[in-house]
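Please examine the sequence and the structure shown below. The paragraphs that follow lead through a few selected regions.

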Number of protein chains: 2
Amino acid sequence: MSLNGLLEKSPATLPILQATFGLERESLRIGKDHRIAQTDHPACLGSRSFHPYIQTDYSEAQLELITPIAHSTKEALRFLGALTDVAGRSIDKSEYLWPLSIPPKLCETDIHIAKLEDDYECYYRKHLADVYGKTLQSMSGIHFNMELGKDLVASLFKESGYQSIIDFKNDIHLKLAQNFLRFRWLLTYLYGASPIAEEGFFSKTLAKPVRSIRNSHLGYVNHKDIQVSYESLEKYISDIEAHIASGKLIAEKEFYSAVRLRGSKHVRDYLTNGVTYLELRTFDLNPFDNRGITQETLDTVHLFVLALLWLDSSSAIDQDITEASKLNDKIALSHPLDKLPEDAPVEIILLAMQGIVDYFELSDYYQGLIDAIKNQIEHPEQTIAGRLLEEIDTLSLESFGQKQGQAFHDYAWQAPYALKGYENMELSTQLLMFDAIQKGVHLEVLDENDQFIKLWHGEHVEYVKNANMTGKDSYITPLIMENKVVTKKLLSKAGFPVPKGEEFADKAAALRYFSQIKDKAIVVKPKSTNFGLGISIFKESADLTAYQKALDIAFAEDDTVLIEEFISGTEYRFFVLDGKCEAMLLRVPANVVGDGKHTIAQLVEMKNQDPLRGRDHRSPLEIIDLGDVEKLMLQQQGYTPDDIPADRVRVDLRRNSNISTGGDSIDVTDIMPDDYKTLAAQMARAVGAWVCGVDLIIPDKSLPASKEEPNCACIELNFNPAIYLHTYCHEGPGQALTPKILAKLFPEL
Amino acid sequence: MSLNGLLEKSPATLPILQATFGLERESLRIGKDHRIAQTDHPACLGSRSFHPYIQTDYSEAQLELITPIAHSTKEALRFLGALTDVAGRSIDKSEYLWPLSIPPKLCETDIHIAKLEDDYECYYRKHLADVYGKTLQSMSGIHFNMELGKDLVASLFKESGYQSIIDFKNDIHLKLAQNFLRFRWLLTYLYGASPIAEEGFFSKTLAKPVRSIRNSHLGYVNHKDIQVSYESLEKYISDIEAHIASGKLIAEKEFYSAVRLRGSKHVRDYLTNGVTYLELRTFDLNPFDNRGITQETLDTVHLFVLALLWLDSSSAIDQDITEASKLNDKIALSHPLDKLPEDAPVEIILLAMQGIVDYFELSDYYQGLIDAIKNQIEHPEQTIAGRLLEEIDTLSLESFGQKQGQAFHDYAWQAPYALKGYENMELSTQLLMFDAIQKGVHLEVLDENDQFIKLWHGEHVEYVKNANMTGKDSYITPLIMENKVVTKKLLSKAGFPVPKGEEFADKAAALRYFSQIKDKAIVVKPKSTNFGLGISIFKESADLTAYQKALDIAFAEDDTVLIEEFISGTEYRFFVLDGKCEAMLLRVPANVVGDGKHTIAQLVEMKNQDPLRGRDHRSPLEIIDLGDVEKLMLQQQGYTPDDIPADRVRVDLRRNSNISTGGDSIDVTDIMPDDYKTLAAQMARAVGAWVCGVDLIIPDKSLPASKEEPNCACIELNFNPAIYLHTYCHEGPGQALTPKILAKLFPEL
């Protein structure tokens, strides 16, 4: 049964691009001295015995970042970016990740085999050291795993006329592997990025830069007498098994092919279970991208693999592969500015790629990828190796590696409150995702717009929304907190201080109530609004006209209006988790503090330089605007933006203390007296909350607080408190809360 | 220290109306034969050992309805109405409650002492039978408990100059009790409603009707030699204690005063703890109100009590009380059309009431109450006794009692899906509240508009919103169900059938997807809408223009649109509770079925006569309209409203099956095969739901269903399924679900 022409006879509506992807990227940790780090694998990365995302490869200093299965190259690369981000911020801050496949200058003695728990893995690594040497093992690269989509395979199977899906999958993957080996030299040309070996890497230094040492026979390859036939799956299996039987290989995985058939633990199982995916192992680290590979590379490779399926099979495959290997070696060891050799059959593979684009009417983006290949074939200086050439200084890339490595490291630390690639998600969720990745808890984003994630470890699954809505809270608890009237009733009944008040469903009744409150400080507010809308505060008693107006404003927001006692004092947010008060925050209105030299406008400008300030909730603090509201506020205090406030004089720019309008967050966890923390925790417990933001008004926090004599009042309980506010603050150390949430969700870790 | 003039020297802004109220109403159960019921207390009312609301008083057939403490007379009466409703529907349907204080004709042997668990209570009742006779014990009345508001008492205390709050409370309550006894004859005049005794009630029949046997010396009073002084609290206590010591009374509660001081178990404790409230015990059942008392009566009594505080104390109180008692007896035994005696000092009490209204600027409503009293003083025929006179037939009120009792009983059954007084709440919550009251679970409405209630038994508290949102579900579960994408991912991952689909955040991508679905039946819908808005269904494949239009409609409702496989079949709602499928519902579009005689318009009219149909979700089914939508639908089928459909021909009036647009609910619980129930229950479990409405599309329910071969698909999980839909159905027996929820919330009951 032939697979030739299978795509051309399939309908053009075939979901041709449907596939799943996984990436594995190795990288060396480098110390302050720019040599391979001698430190242990970071403890904050949890246990390597189960970590699904961040492992050590050969050596203790060689991180391996492993993405989960992704349904698009974009998703895979995004996750790799996040892993890179987490790894960068998990290693010692003085270290960085080496951005090149070829390590910096090193001594074999500086390479320590990874300290894994598994005895066999240690034994295996020792064997590799004996056979290949530790130096060669310290090269890094990227493996690209790809599985054709289930619907795509099902459709192709239907078209193929095969009887057995196992046979079909085995044949299709064998064909892909064969053709990959026939044409891999193109990828070496385009993506080769190991042009030199640092001094001492080889016994004999290379005389001139090349494309890819790692993809040449000098790279990480088996001994010449390890030959494996690709003519049939049976031959492939029996060859590998024979090498193991003869002791030439100690494990199947020691067979270092540029492409591996994957899906079962042992190759023989493919005959019964079928091959399910391919592992392409040829990619040098691209040092121009912090993730080591670009989106365009991934999509080009995807298209390349589809082209391998479009191409006919060879009738003399082992011979073809041998010749292709020679061609690959030649290209790998050619100078980075050398063009492809004349005999490279580049038209064949390009036509096949074009065939895919045309037949399946792929978008211009894919056409652009082909055009880019053609351009790089014309212009070797535009390939990665070509571009790297300029960075080589006396046959060394060390200073370039240091510069890029440090730049990528700085980038990881640039916005430490965010998780790269997931910046559109809410900050608290990004923090929790960071922690999950760091600790090796499996993570899946179920709904990005809804901040809905799935976390799991073994059989234990937790779903989390907004980083704090979990299965730990009972459903009725947030419903209680959502309803201000119910919250107050419960707190009051339990003996906690809440502002006294009444609820009114009609304005006439609320007006009649005036006689009872006309001498008091009151707040008039809609029952359910959460954004401060429709609230009027009378810090001294209101007159009837003002009261009437306040009612109108509040009734415009809700059918029911609350009239509450106003309690003057400072409002603090207490974050309570599982019965314990973990963080306290003070929010103050947008302001600047004078220095006697700069104008208010300049002070605003200077304050906005804080990297924690940004726009649209993408940062823990917001840019302070100097708009109409702020200017009016200044005017009321007798200022213009061009005035120069005296030294240490604080000028408020807003009346409200919302962070979203430029307010400052001040972490007061360490200076808040314990009795207030205890009281806040008790309040959360009174409504049964696991996560709760307790807003307390405290007139004077030097006074003692207790249930009997509270010296404070609770004005609100929040079931969705913004965690990130506590973590990255304008002032104060900040409190990391998501690690505590994660630890409570997964106490077994 | 004198309390005279205390109110006049207090500020007029005093919260004078602040008070709490509690009502206790007795009523005899009457059997089919219109005699006192010989049946046991209804088993469905749970255990009398703890029931807070529905007890038995003296005899097994004498229900006692007890409201919780309410913050207004309105709230107290509303709860009494609900208790009356629950009691009416809990007794045997052939029984009813006797609406009069004086029982129908009876034999002492038909009166069975209540079968209580408490031995002392049984002994006490036997003693009463010996001393007073069982017949007298079978009279019923209403006790009105009233406590002045805490702020009111605190303000008055401040004004009073008293040092001790206990002394103050004791003095104020003693004053109220004294003045009550001085002026209670006015209440007897206004509200007396026991004009005759049925034959055999007394050994000697009364010659003519009177105002109130029950409030006269013929009523339920202690022996003449039980005299208790009200001169001081000390005297009051020592007198009562002396009567007990001498054996004239066997318990403090055997002292039947028209007013009781309350707040401690033993009278002596008042000296240290203070009296907290008054129990006014004079009220005959008002047979013109199903609750036995009216709103106006309650508010008049409230004003009356405040007037007692306004009045000065008497300097010779015991003498005054003796005279007032004589006056009261005279009025009680006077003819219902007799005016008040000339010597009744009615001006004093009326002026005091007027004083309250004027000084505190009470609303016109209260002025109206005073005017109504004056009117009734002028027109005895307008008092309750005066009105009852017309109903007396040869010195018997039996036929009137039977008529009224039956009418009130019918009223309780009139809308059995609702709870009287709480009809503004959502029907499911009304059902659950009914069940809670019936079983004796404490109930408090925390927020009426938000359907938020508190239930408790002993220390065990449960909060419930919408009758199904409880602490039994974890918070993340409804969040999962609220998000259609997440729900589908979880169900699909767990191996359950869901329609295949894709999610699109931009229209261009959704348009490109057209090539993949152009031959399929699809649904285009906004991601989050829950009201069927923005949904387009293509039962056959869509053309591009229609597809494009459907996208526009869906994107108008939400930022994200789902395009899903359309699965044809019938949609059923499965209600799952705690892992078990408890009810299944089929909803069909508004329709009429022809009889070959009536026009469509007439058939609609006839169908709308169903008492289950109403408007605005106040009833389990909605009135069918014949509006534009329905007429268009008729036109499309070739009908006009004036056509007469043939016998048994069903004419649909709507395309959608929503109950809210007149659709029919059909309970299919008993005919749905078990395997679908199992599957639905498994689906709910897969998302961890305790309460869940599973919507399944079933093409043919005669086919077997299993996870492996589902023969159905789940299109939605609902975290807030409307329970009442399953309970009162257009067709089918209906399933009572709230009792199951209640039983699971309180398994100890």
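Which residue of S21(A) does A:Leu586 stand opposite? The residue facing A:Leu586 in S21(A) is A:Ile666. This and every other detail below comes from a predicted model. For chain A, the mean pLDDT is 94, with 99% of the residues at 70 or more. For the complex, the predictor gives an ipTM of 0.91 and a pTM of 0.92.

Strand S16(A) covers residues 580–588, and S21(A) covers residues 664–667. The two run antiparallel and are joined by four bridges. S16(A) also pairs with strand S15 of chain A, residues 570–577, again in an antiparallel manner, here through six bridges. Within that pairing, A:Phe575 has A:Ala583 of S16(A) as its bridge partner. S15(A) and S16(A) form a hairpin with two residues between the strands, where A:Asp578 adopts a positive phi near 50°. S16(A) is mostly covered, seven of its nine residues being buried.

S21(A) also holds A:Asp664. Is this residue buried or exposed? A:Asp664 counts as buried because its relative accessibility is 3%, where the cut-off for a buried residue is under 20%. One, at 2.5 Å, joins A:Asp664 to A:Arg613, and another, at 3.1 Å, links A:Asp664 to A:Asn591.

The next region is a helix of chain B. H23(B) spans residues 674–686, which makes 13 residues, and extends 18 Å from its first C-alpha to its last, close to the 18 Å expected at 1.5 Å a residue. Its buried residues are B:Tyr676, B:Lys677, B:Leu679, B:Ala680, B:Ala681, B:Met683 and B:Ala684. An α-helix has 3.6 residues a turn, so residues three or four places apart point the same way. Against which elements do the buried residues of H23(B) pack? In chain B they pack against helix H17 (484–493) and against strands S15 (570–577), S16 (580–588), S22 (691–698) and S23 (713–718). Just after H23(B), B:Gly688 has a positive phi of about 75°.

Elsewhere in chain B, helix H5 (residues 150–160) contains B:Val153. B:Val153 counts as buried because its relative accessibility is 13%, again judged by the cut-off of under 20%. Apart from neighbours within four places in sequence, B:Val153 is in contact with B:Leu148, B:Ile165, B:Phe168 and B:Lys169. Between the C-alpha atoms of B:Val153 and B:Ile172, which are 19 residues apart along the chain, the separation is 9.4 Å.

Finally, the two chains may be considered together. Through which surface do the copies meet? Of the interface residues of chain A, 97% are also interface residues in chain B, so the copies meet through the same surface.

Definitions and conventions. Residues numbered from 1 in each chain as written. Chains lettered and ligands numbered in written order. Predicted model: local features only at pLDDT ≥ 70, side-chain atom pairs only at ≥ 80, totals over all residues. Heavy atoms only, no water. Buried < 20%, exposed > 50% of the residue type's maximum accessible area, 1.4 Å probe, protein only. Pairing = 2+ DSSP bridges. Contact = heavy atoms within 4.5 Å. Expected span 1.5 Å × (residues − 1). pLDDT = per-residue confidence, 0-100. Polar contact = N/O pair within 3.5 Å; in protein donor to acceptor, adjacent residues only side chain to side chain.
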